[in-house]
Amino acid sequence: MCVDLREPNKAIVVDSFPLPHMEELLSALTGATLFSTIDLESAYHQVLLHPDSRDLTAFITHEGLFRFCRVPYGFASAPAAFQKLMATVLHGVPNVQFYLDDIICYGRTAQEHDAALETVRQKLKTAGLQLNDKKCHFRQTSLKFLGHLVTAEGIKPDTEHLQAITQAPAPSDAVSLRSFLGMLSWYGKFIPNYATVVEPLRACLRQGTQFEWTEEAQRCFLTVKRLLLESPALALFNPELPTIISTDASDYGVGAVFSQLQPDNTERTVAFASRTLSSTERKYSTVEKEALACVWAVEKWRTYLWGRKFTLRTDHQALTTLLTTKGADRAGMRIARWSARLLSFTYDVVYRAGPLNQTADCLSRLPLPAASFPPEDSEPELVALLATTPVSVTAKEFEDASSSCPELSSLRVQVQQRWPRSAKSVSPVLQPYFKIRHELSVQDSLVFRGSRLVVPISLRSTLVALAHEGHQGVVRTKQRLRDLYWFPGMDALVFSQVTECSLCQQTDKSAKVFQAPLQPVPLPEGPWEKLGLDIVGPFESATWDCKFAITLTDYYSKWPEVAFAPSVNSETVIQILSGLFSRYGNPECLVTDNGPQFTSASFSSFLRDRGIKHTRSSVYHPSSNGAVERFNRVLKGWIQAAIIQNKPWKSATSASLQAYRATPHAMTGVSPFELMHGRKMRTTLNILPPPPLEQPAVDLRHRVSLRQSHVKQYCDAKRGARTPLFRAGDKVRVR
């Protein structure tokens, strides 16, 4: 079982224990005549995961939340940690080499080999590690190890890597021949007299001549393959070089090229691979065939790719999303399962245009016959999603409706064929499906978009009605329907049926909500009479003592206060307010929202003992405490500036508070310091002593009234405000 750990891997500090060099492992086998290879059963799962790291692996299933107690596949630090474990277990054992869970014992004589094998067996038994008997091979004179053929005569490249070239069938038409020549042009610089050698092949494609495969062309074909295999274009695998897996698929085969980027920035091939598609696989859509090529190639070369980051290159651009975390909800069920099989690998999917992907394209058009195919129904599509729908629509009814639906019948045919390049070339009935064509898949008579069923026309209204059970609103009905189904125009149909529901009309479920007119708050009689209090946070990038900010604003003077805290509860808020009230006195009224810190019994008792009236803002209407909410936006701007300048939040906020208190406020036209303390603040900007105050309170109240009237007129017109029908004292429903 694999879990998508790509996001946790971004935060994991990878173990720096080095993986062994391939050359060192293979050179140690020189002179040996007898070999045995040992493979461990589910290697990572035999290693306990530290309790402090287990929560990182938590994942959700239909039966609840689970986490791994043993090391899962896909952990970024797992390969290095497992190699370190094996180095500890097999430390000091002669005539043994290992790469992760692949172990090889060797000896120049049978006695030397058997002694090493017995020692390794005892060491593994003591460590509690179990073997995979099916993959273990004992007392062999030649065997495969890490993609090489190990023999008494020396180390040789695995001939299986070259079978895709050596056993490639001759081209049967002009298309496959052009593809083969396209591949040769990529390696042409490694073939002596390339243009002269391939001339008989080019002659088969001359204009005005019918394609005919002659004996001369056959000899040329065999000669070119021999020259390619003997050329320096092929290289042995080097674990220190960047690895690239290029794949492609045709209507009848898949091909892949294993290559590495050399220090001189040239790309050299390590291995080729290809195979034909089974009769079932040939019915796959184009995107599914391309995805199959990717999964097949990665799993074929697992020995090289496991534990290393590599690049997966495809000429199908949709796979750059569908085989990553961004495409988890968009991929069809078959591609989603294939993507899950790749979770134990670390890779980037990149797009490469078809004309630049000649080698993989050629291998897919000249595939080797597969030794055996998987059963025709090796990956049955599960339609278990139907079990969550009401019993009024059965699986049989859904399948029958899908089979008889003309729209889905046309869609099934189109999905199994190649989609045209332009939506204009598609019939009008199928045009709504063109934008999501890469997400569609077919299983029997059913069509899926990702993991959701595409609903036939005859059942669309029925399923919308069933999703509207309980007479939930438009949004919740859509949410319930989207989990299971999709069809063109689904949102419009849901809106139409819900708004026409007679019961919903009576209960006002589909009523449109309009903004109420702005209600300006009257200016208090003096400073520190009415205060607004709020909590901002948590801040993700803050230090431990600045996770939250408690903000307070005086409604009269606009004087702000800010206090940072590691956590917020009633005791923390009471402690901060006690310090402020000891300096400025107790206010008459305190306005807060309905947070639990402000509705607790201890907070109510604190205000009651000081004779402070507690006013709470309207539910779901934070703008009713607009004075402090507006200041919160200013505070967030200060914090963002502090992050950019890499300054401590507390000192940066203190400096910004001084400047804010000394600056005339847009509403009052006077600085908060003047209205709070009755004098102007002296700052670093002042050269002469600050002048005395001149503006009387009457002018201030008149200015604020005019300003509030202007703001109300502007906001009401911009928001299209309407006066509500309910009045003070009416009963309303609060969710």
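Guide: Gladly. Let us begin with an open sheet of 5 strands, in the order E21-E20-E19-E22-E23 and with mixed pairing. Strands, like helices, are DSSP runs numbered from the N terminus; a strand (E) has at least two residues and a helix (H or I) at least four. Two strands pair if DSSP finds at least two bridges between them. At the edges stand strand E21 (560-565) and strand E23 (613-616), each pairing on one side only. From one strand to the next, the twist averages 20°; axes are lines fitted to C-alpha atoms, for helices over the stretch in contact, and angles run from 0 to 180 degrees between N-to-C directions.

Before going further, please keep in mind that this is a predicted model: local features need pLDDT of at least 70, side-chain atom pairs count only at pLDDT 80 or more, and totals for chains, interfaces and linings use all residues. Residues are numbered from 1 along each chain as its sequence is written, and side-chain values use heavy atoms, with hydrogens and water left out.

Inside the sheet, strand E19 (residues 530-536) runs parallel to strand E22 (residues 589-592), and 3 bridges join the two.

Strand E13 (residues 309-314) pairs with E14 in the parallel sense over 6 bridges, and Thr-314 stands opposite Tyr-351 in E14.

Strand E15 (residues 440-443) and strand E16 pair in the antiparallel sense over 4 bridges, with Val-442 opposite Val-447 in E16. The hairpin of E15 and E16 has 2 residues between its strands, and Asp-444 in the turn has a positive phi of about 60°. On to the next pairing: E16 and strand E17 (residues 452-454) are antiparallel over 2 bridges, and Phe-448 has Leu-453 in E17 as its bridge partner. In this hairpin too, 2 residues lie between the strands, with Gly-450 in the turn at a positive phi of about 65°. Along E16 (residues 446-449), Leu-446 and Phe-448 point one way while Val-447 and Arg-449 point the other, and all are buried. Buried means under 20% relative accessible area and exposed over 50%, with partly exposed in between (1.4 Å probe, protein chains only).

In helix H19 (residues 490-499), the buried residues are Met-490, Val-494 and Val-498. They span an arc of only 55° around the axis, which places them on the same side of H19; the arc is that of the directions from the helix axis to the C-beta atoms. An α-helix has 3.6 residues a turn, so residues three or four places apart point the same way.

Ser-36 has a relative accessible area of 0%, so it counts as buried. Beyond its neighbours within four places in sequence, Ser-36 has contacts (heavy atoms within 4.5 Å) with residues including Ile-103, Cys-105, His-113, Phe-138 and Arg-139. The Ser-36 side chain makes a polar contact with the side chain of His-113 at 2.7 Å and reaches the backbone nitrogen of Arg-139 at 2.8 Å. A polar contact is a pair of N or O atoms within 3.5 Å; within protein, one must be able to donate a hydrogen and the other to accept it, and residues adjacent in sequence count only if both atoms are side-chain atoms.

Stepping back, the protein comprises 27 helices and 23 strands, and 44% of its 735 residues are buried.
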